[in-house]
Amino acid sequence: MTRIRLAVALLILFTLLLGLAYPLAITGIAQLAMPRQANGSLIVDHGRVIGSELIGQDFSRPGYFHGRPSAAGNGYDPTASSGSNLGPASKALIDRTRAAVAAARADGATGPLPPDMATASGSGLDPHISPDNAYLQVARVARARGLDPAVLRALVARNVETPFPAFLGDPVVNVLALNRQLDRIGAKAAR
């Protein structure tokens, strides 16, 4: 009987300690040390939340830079975030990749495509693309907006984020940040 009481007492103690006290302490520390990141790195425009720096969004109109293909639900569904779990020999993965390559070619992309232009990320919600991917989209966006491609190439170059130190990853471009700056440039409305 004393072992059962001890087991129940330890269960209650560790439930309170690890299930309540520890999460509250970590949440409090995060709110004090880095409140913006702890609250999702939200982007607010005129008092309205328009997205997060950490979650990709579906930009499909020709006048915008497009993100990576999404394997999350019906596309960029944050409630269905996960990889596709499709193996390299999967017909569904091959078909999805071929469709993404065909769409990129239809948009005017030539030569070898960067892998992130045709494949989804592990979460299906990656907010970043490679600089090569962004540069391949410049011609389409310039045509749709009536802008000089040189202006868009310079915009992409300003938005390349290099990790510090550089050996920790590859340079990336945040698609939402790039498209917000693109909207500030103006020209034709993004069709």
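An axis here is a line fitted to C-alpha atoms, for helices over the stretch in contact, and angles run from 0 to 180 degrees between N-to-C directions. I also keep in mind that helices (H or I, at least four residues) and strands (E, at least two) are DSSP runs, numbered from the N terminus.

**Ground rules**

I am working with a predicted model, where local features need pLDDT of at least 70, side-chain atom pairs count only at pLDDT 80 or more, and totals for chains, interfaces and linings use all residues. Residues are numbered from 1 along each chain as its sequence is written, and side-chain values use heavy atoms, with hydrogens and water left out.

**Entry 1: H4 against H5**

I started with this helix pair. The axes of H4 and H5 cross at roughly 145° and come within 9 Å. I looked up the hand next: H4 passes H5 in a right-handed crossing (left-handed if the near helix is turned anticlockwise from the far one by less than a right angle, right-handed if clockwise). From H4, the contact (heavy atoms within 4.5 Å) takes Ala-134, Tyr-135, Val-138, Val-141 and Ala-142, while H5 supplies Pro-149, Leu-152, Arg-153, Val-156 and Ala-157. By class I find nine nonpolar residues, no polar ones and one charged in the contact of H4 with H5. My classes are these: Ala, Val, Leu, Ile, Met, Phe, Trp, Tyr, Cys and Pro are nonpolar, Asp, Glu, Lys and Arg are charged, and the others, Gly among them, are polar.

**Entry 2: H5 against H6**

On to the next pair. Helix H5 covers residues 149–158 and helix H6 covers 175–185; their axes come within 10 Å and cross at roughly 140°. H5 and H6 are therefore oblique to each other. For the record, under 35 degrees is roughly parallel, over 145 roughly antiparallel, 65 to 115 roughly perpendicular, and the rest oblique. H5 passes H6 in a right-handed crossing. On the H5 side I list Val-151, Leu-152, Leu-155 and Val-156, and on the H6 side Leu-178, Gln-181, Leu-182 and Ile-185. The contact of H5 with H6 splits into seven nonpolar residues, one polar and no charged.

Is Arg-145 buried or exposed? Arg-145 counts as buried, at 2% relative accessibility (buried is under 20% relative accessible area, exposed over 50%, partly exposed in between, with a 1.4 Å probe and protein chains only). I place Arg-145 in helix H4, residues 131–145. Its side chain joins that of Asp-183 in a polar contact of 2.7 Å. A polar contact is a pair of N or O atoms within 3.5 Å; within protein, one must be able to donate a hydrogen and the other to accept it, and residues adjacent in sequence count only if both atoms are side-chain atoms.

Leu-147 sits in the loop between H4 and H5, and at 17% relative accessibility Leu-147 counts as buried.

**Entry 3: His-66**

I found His-66 in the loop between E2 and H3, buried with a relative accessible area of 17%.

Gly-108 lies in the loop between helix H3 (91–106) and strand E3 (128–129), and is partly exposed at 47% relative accessible area.

**Entry 4: Val-173**

Val-173 belongs to strand E5 and is buried, with a relative accessible area of 0%. Not counting residues up to four places away in sequence, its contacts include Ala-134, Val-160 and Leu-178.

**Entry 5: Backbone checks**

Where is the cis peptide bond I noted? A cis bond joins Phe-164 and Pro-165, with omega about -10°. Pro-165 is in the loop between strand E4 (160–161) and strand E5 (172–174).

Ser-41 has phi near 50°, positive in a residue other than glycine; Ser-41 is buried at 4% relative accessibility. His-46 has a positive phi too, near 55°, but His-46 is exposed at 79%, in the loop between E1 and strand E2 (48–52).
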